[in-house]
Amino acid sequence: MKKLLAVTLAAALAAGFAGCGGSGNSSGTTGNAASTASGSADAGETIKVGSLAPLTGSVSVYGISTTNGIKMAVDEINANGGVMGRQIELLTEDEKGEVQDAVNGYNKLISDGMVFLIGDVTSKPCDAVAKIAAGDGTPMLTPTGTAPSITQNGDNIFRTCFLDPFQGQIMAQFAAEKLGAKKVAVMANSSDDYSDGIAKAFVAKAQELGLEVVGDERYGADDTDFKTQLTKINAAGPDVIMFPDYYEKVALITNQARQIGFTGPMLGGDGWDGVLTSLGENASVVDNCYFSCHYFIGDTNEQVASFVNGYRSLYNEDPTAFSALGYDSVYIMKAAIEKAGTTDKAAVVEALRATDYTGVTGHMTFDENGDPIKSVAVLRLENGETVLDTMMTADGAEDSTPAASESASSEAAASSEAASSEAAASSEAAASSEAASSAAA
């Protein structure tokens, strides 16, 4: 039933965008899907991997960060012999954070011979592309698309990140069990699925745990003054407030929360990653605040440290969780293709279902929906620094398992060192990295 629905939706969506994307893109998608479905791409010299991301536009900071991680992993793999002796050819399309551009970009990637998609980055374009990918059977792994609907489009759609509701549930449990909260409040962006989804899950879990929800406020995407909602929430006396949004908005909200007199802990999801940079010298406003994330940049685990050091060397900046998820996604793809022994779409999808991978963002397997079963890092902000407070498993328990296995760490460390050496010798790669870093800044 899921597959039938996906095919129907894909056909409708492709037809709807035919006028916008041009007849060339539309016909290219149909013809290439038929020619590659049986895995005839195995005859090629390279393995063509597609990447969709917003590299320009309002959410480009996330697309650039994710793409940097993807490129780093591809360079490492290619420097160490590629996949089954073949080099990865990375085909990247800028979708500007727009659904129409994402669909057009996907069509172009298919016409260019893509056999595996890593993307998209944000949820709405990702969901639109997933509907089409489900229809043509292309293995699709989104590093960062968190909306639950994405993987529901088809059996060939997977994700590396945990879902929006999961973050809300984990942080509600953290508030109750670790912070001892009795009264909680939440304030979210009503026009953003990510923000609103986490907020609703937080409220539901808090109520399930017996917490009193004393405030549940919303704001619009273009709002910059939040003091009316914050004053109302503060008057209700919450022990903690949950602000699930991206770090640029979080920097504004948390600063105003302190201005109106709230002194307690503030909580968030993975969109908070980068808030210290946004706050700059005003970082003290988020002291004693916590957010869920996919990994901890200061982890001493060899694999994580190797990734962080390699990324800094390549891009002259710290990797975000988006970078780490993009990086892990490439290695998950590599493992699946090698397990399948072919780039045949159906065989690679089957291998993806059996994923048992340990990477920078921890150990993970996939459930029946293509969603990851993995631990969550709860990070604490203090004195302008981010520290690991605790690791929590999918059931909300503390996780004492190391973030990555020693053998996998050694292999990744060797890969990172080899790729870094190769990148240093390539002036073209250096110029590309500098341009990406400038765009992100």
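Predicted model: local features only at pLDDT ≥ 70, side-chain atom pairs only at ≥ 80, totals over all residues.

Modeller: Asp112 is partly exposed, with a relative accessible area of 29%. The side chain of Asp112 pairs with Lys108, and the closest N and O atoms are 2.9 Å apart. Lys108 is also partly exposed, at a relative accessible area of 34%.

Lys108 has a salt bridge with Glu93 as well, where the closest N and O atoms are 3.5 Å apart. Glu93 belongs to strand E2 (residues 87-94) and Lys108 to helix H5 (residues 99-111), so this pair ties together parts that are 15 residues apart in sequence. Lys108 therefore has a salt bridge to Glu93 and another to Asp112, with both distances inside the 4 Å cut-off that defines a salt bridge.

A further pair joins a strand to a helix. The side chains of Glu217 and Lys232 form a salt bridge with an N to O distance of 3.3 Å. Glu217 lies in strand E7 (residues 212-219) and Lys232 in helix H9 (residues 227-235); the two are 15 residues apart, and the pair links distant parts of the chain. As for accessibility, Glu217 counts as buried because its relative accessibility is 16%, and buried means under 20%. Lys232 counts as exposed because its relative accessibility is 55%, the cut-off for exposed being over 50%.

Some salt bridges share partners: Asp196, Lys200, Asp216 and Arg218 are joined in this way into one network. Over the whole structure, the search finds 13 salt bridges, including Glu93 with Lys108, Asp112 with Lys108 and Glu217 with Lys232.

Asp344 caps the N-terminal end of helix H14 (residues 345-353), with a side-chain oxygen 3.3 Å from the backbone nitrogen of Ala346. Within H14, the buried residues are Lys345, Val348, Val349, Ala351 and Leu352. These residues cover an arc of only 160° around the axis, which puts them on the same side of H14. Ala346 and Glu350 are exposed, on the face of H14 turned away from its buried side.

Methods
Residues numbered from 1 in each chain as written. Heavy atoms only, no water. Buried < 20%, exposed > 50% of the residue type's maximum accessible area, 1.4 Å probe, protein only. Helix = DSSP H or I, 4+ residues; strand = E, 2+ residues; numbered from the N terminus. Arc of directions from axis to C-beta. Polar contact = N/O pair within 3.5 Å; in protein donor to acceptor, adjacent residues only side chain to side chain.
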